[in-house]
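Please look over the sequence and the structure before reading on.

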Amino acid sequence: MVILENHAFFVTNGFWVQNHAVTVADVVKAKEAYMKEQIDSLINLQTIEKDTENIKLVLNDVSKRTEALDAKIGMFQKQIECDESELEDLQKKYRSWESDAQLDLSRVKKSETNLRSVKTNKEYQAILKEIDDLKTKTSQIEDEMLECLDRMDDLGNTIVAKKKEYKELIDITNQKKQTIEDDAAEKIKLLAQLEMDRNRVSKTIDSELLSKYTVIKGLVKIMAIAPVKNAVCRGCNLNIPPQMYNELQKGDDLIFCPNCQRMIYWDNS
Ligand SMILES: [Zn+2]
């Protein structure tokens with residue numbers, strides 16, 4: 001074993017080894033331990049950032065989700081208003097038919113009175129025809145009124161049922177909105193915790209490594225540091241060269257995927 005000169009401190013990648021007789025094996029060991037720690041911190045940081053992004057996505061969706069719920073209620077309310085206005089139109093139509101029928105009935109009565117005082121057969125026949133026409137017209141109006149009554153009944157029942165459903169929908173919607181808001185409040189708390197975790201973990205990472213990680217993240221967007229399992233980089237799903245895979249398994253240096261340029265680490269699970 002090679003014994004290095006008597007160093008008070010030996011520095012390797014920011015790792016300080018305090019020893020009076022540092023061996024090459026010690027340095028390699030220390031370097032490996034340091035790199036392992038750094039890689040673990042980078043993976044940890046990546047997980048924190050991923051969790052943060054996921055939470056932000058959910059939070060961005062909160063207003064959309066509540067708006068969608070409100071829109072559903074608004075549509076339901078419009079349907080009820082539409083039915084109510086149709087019912088109002090039918091009621092107006094019914095009242096107008098009712099007064100038409102009453103008017104025709106009084107005309108029939110008047111004609112029947114006139115019938116008693118006619119002098120000629122021609123006049124008599126003319127009044128009879130008039131009475132007949134009025135009765136036919138009244139009968140048609142009455143048929144339409146009956147149909148209208150049925151439609152008003154159906155519509156009235158539909159409106160009552162829809163109003164009941166509307167009330168239930170409001171209750172359910174309020175509950176759903178409350179759940180969304182409670183969940184969002186929890187997520188905001190979690191976000192603050194993740195931000196603290198992010199700061200804490202960032203401080204444990206060598207500044208040069210951290211800036212490399214940030215640059216790669218800006219380029220690849222997803223997974224700046226990728227696991228390599230069975231010589232396959234999980235960032236790009238391509239094989240890395242065998243020699244590089246051997247180096248990677250030693251874990252004493254930071255290695256970049258030759259295909260996607262991500263930072264890579266050995267996944268031996
Ligand atoms: Zn890759």
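## Glu37 and its helix

Glu37 is part of helix α1, which covers residues 24-116. This is a predicted model. Glu37 counts as partly exposed because 14 other C-beta atoms lie within 10 Å, and a residue needs 20 or more to be buried, or 12 or fewer to be exposed. Between Glu37 and Ile255 the separation is 218 residues in sequence and 15 Å in space, taken from C-alpha to C-alpha.

## Overall form

The protein has 4 helices and 6 strands. Read from the N terminus, its elements follow the order β-β-α-α-α-β-β-α-β-β.

The C-alpha trace spans about 150 × 35 × 30 Å along its principal axes. The radius of gyration is 43 Å, whereas a compact globule of 269 residues would have one near 18 Å. Of the 269 residues, 12% count as buried. If contacts between residues at least 6 apart in sequence are considered, 61% of them join residues at least 24 apart.

## The nonpolar core

The largest nonpolar core is made of 23 residues, and Leu42, Ile225, Val228, Met263 and Ile264 have the most contacts inside it. Two or more residues come from each of α1, α2 (121-203), α3 (207-220), β3 (225-229) and β6 (263-266). The element that gives the most is α1, with 5 residues.

Which residues does Ile225 contact, leaving aside its neighbours within four places in sequence? They are Leu42, Ile43, Gln46, Tyr213, Arg262, Met263 and Tyr265.

## Helix α3

Helix α3 has 14 residues, and the distance from its first C-alpha to its last is 20 Å, close to the 20 Å expected at 1.5 Å a residue. After α3 comes Lys221, which has a positive phi, near 65°.

## The four-stranded sheet

An open sheet of 4 strands is arranged in the order β4-β3-β6-β5, and its pairing is mixed. The edges are formed by β4 and β5 (255-256); each has a single partner strand, so one side of each is left without a neighbour in the sheet.

Strands β3 and β6 run parallel and are joined by 4 bridges. Strand β3 also pairs with β4 (residues 232-233), through 2 bridges and in antiparallel fashion. Val228 has a bridge partner in each of these strands: Trp266 in β6 and Cys233 in β4. The hairpin of β3 and β4 has 2 residues between the strands, and Asn230 takes a positive phi near 50° there.

## Confidence in the model

The average pLDDT of the protein is 91, and 93% of the residues score at least 70. Residues 1-15 have a pLDDT below 50, although this stretch has 30 contacts in the model beyond near neighbours in sequence. Where pLDDT is low, the predicted coordinates should not be read in detail.

How values were computed: Residues numbered from 1 in each chain as written. Predicted model: local features only at pLDDT ≥ 70, side-chain atom pairs only at ≥ 80, totals over all residues. Core = buried A, V, L, I, M, F, W, Y, C linked by C-beta atoms within 7 Å. Contact = placed C-beta atoms within 7 Å. Pairing = 2+ DSSP bridges. pLDDT = per-residue confidence, 0-100. Expected span 1.5 Å × (residues − 1). Rg over C-alpha atoms; globule rule 2.2 N^0.38 Å.
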